[in-house]
Amino acid sequence: MNRREEILRILKEHKRPVKGAELGERVGVSRQTLVQDIAFLRKDGYRIVSTTHGYLLDDALPEAFQEVIGITHTPEQLRRELEILVAHHVSILDVMIEHPVYGKVRGELNIRTPKDIRRFLEKREKSNLPLFSEVTGGFHYHTLEADEPEYIEDALDSLVKAGYRIVRT
C-alpha cells in the first residue's frame, strides 16, 4: 500500500477529523508533504475536507444540505451574523466575493461552532487586512451547510429579522 492509499485508509476508518500532525506521523511524512499528498488526492477526485480540527473524508460526513447565499452587512455585524448561523446548526464553509480586479475570490472558513467563531474573530483582530466584504461595500457570499434544510431556512429568517439583507442564489 502506498502512502496516499494509507492516508485514505486512515481517513476512511475515522468518523471525526484527524489532525494533520497525527496523520503525517502515522504515514511517516512532514506536514508539508502531507499537505501535498492531500492536494494530489483531491486532484484525483477524493473529497477531503480541511476543518479546524483536522482532515476528514467527505464520505465520512453525514449527508448535508448546502446553499450559497449572498449577504450584506458591516464589519461590526460580522460576529452576530456568524452567531446566528451557528446557533441554528448551520456551518459557514466559505466566503466569496466578486473582486473588481481578480474576479471570484474565495476563502475557506469552516466555521461550525462558537469556538470556531472565537478563533476566527481572534485572527481577524490580529490582522491588518480588510474582510473580503469590505472590498465590496459589505456584499459577499457564503456556502452554508446543515444536516436539515430547515436549519438553513430558520437561520436565514433570523438573519433577515436581525436586519441583514439576504440574496438567495
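Modeller: Two residues are in contact when heavy atoms of theirs come within 4.5 Å. With that cut-off in hand, we can read packing in this structure, which is a predicted model.

Colleague: Step back for a moment. How many helices and strands does the protein have, and in what order do the elements run?

Modeller: Seven helices and seven strands. Starting at the N terminus, the order is α-α-α-β-β-β-α-β-β-α-α-β-α-β. The C-alpha trace spans about 55 × 35 × 25 Å along its principal axes.

Colleague: How do I read contacts over the whole chain?

Modeller: Look at how far apart in sequence the partners are. Among contacts with a separation of 6 or more, 69% join residues 24 or more positions apart.

Colleague: Which residues touch the most other members of the largest nonpolar core?

Modeller: The core is a set of buried nonpolar residues joined through side-chain atoms. Here it has 22 residues, and those touching the most other members are Leu85, Val90, Ile92, Ile111, Leu144 and Leu159. At least two residues each come from β3 (65-72), α4 (78-87), β4 (91-99), β5 (103-111), α5 (114-126), β6 (139-146) and α7 (149-161). The element giving the most is α4, with five residues. There is also a second, separate core of 14 residues, including Leu8, Val18, Leu23 and Ile48.

Colleague: Take one member. What is Ile92 in contact with?

Modeller: Setting aside neighbours within four places in sequence, Ile92 contacts Leu82, Leu85 and Val86, then Leu109, Asn110 and Ile111, and finally His142, Thr143 and Leu144.

Colleague: His142 and Thr143 are on that list. Why does His142 count as buried?

Modeller: His142 counts as buried because its relative accessibility is 3%, under the 20% cut-off. The residue sits in strand β6. Beyond residues up to four places away, His142 touches Glu67, Val68, Ile69, Ile71, Glu81, Ile92, Asp94, Val95, Met96 and Leu109.

Colleague: Which polar partners does the side chain of His142 have?

Modeller: A polar contact is read from N and O atoms within 3.5 Å. The side chain of His142 makes one with the side chain of Glu81, at 2.9 Å. The side chain of His142 also reaches the backbone oxygen of Asp94 at 2.7 Å.

Colleague: Then Asp94 is next. Is Asp94 buried or exposed?

Modeller: Asp94 is buried, with a relative accessible area of 3%, and belongs to strand β4. Its side chain and that of Arg106 are joined by a polar contact of 2.8 Å. A polar atom of the Asp94 side chain also lies 2.8 Å from the backbone nitrogen of Thr143. With neighbours within four places left out, the contacts of Asp94 are Arg106, Gly107, Glu108, Leu109, Tyr141, His142 and Thr143.

Colleague: Where is the place of Thr143, and what does Thr143 touch?

Modeller: Thr143 is in strand β6 and counts as buried, at 9% relative accessibility. Apart from residues up to four places away, Thr143 touches Gln66, Glu67, Val68, Ser91, Ile92, Leu93, Asp94 and Met96.

Colleague: Last, charge. How many positive and negative side chains are there?

Modeller: There are 26 positive and 28 negative side chains, and the centres of the two sets lie 5 Å apart.

Conventions: Residues numbered from 1 in each chain as written. Predicted model: local features only at pLDDT ≥ 70, side-chain atom pairs only at ≥ 80, totals over all residues. Heavy atoms only, no water. Core = buried A, V, L, I, M, F, W, Y, C linked by side-chain atoms within 4.5 Å. Buried < 20%, exposed > 50% of the residue type's maximum accessible area, 1.4 Å probe, protein only. Helix = DSSP H or I, 4+ residues; strand = E, 2+ residues; numbered from the N terminus. Lys, Arg positive; Asp, Glu negative; His and termini not counted. Charge placed at Lys NZ, Arg CZ, Asp CG, Glu CD. Polar contact = N/O pair within 3.5 Å; in protein donor to acceptor, adjacent residues only side chain to side chain.
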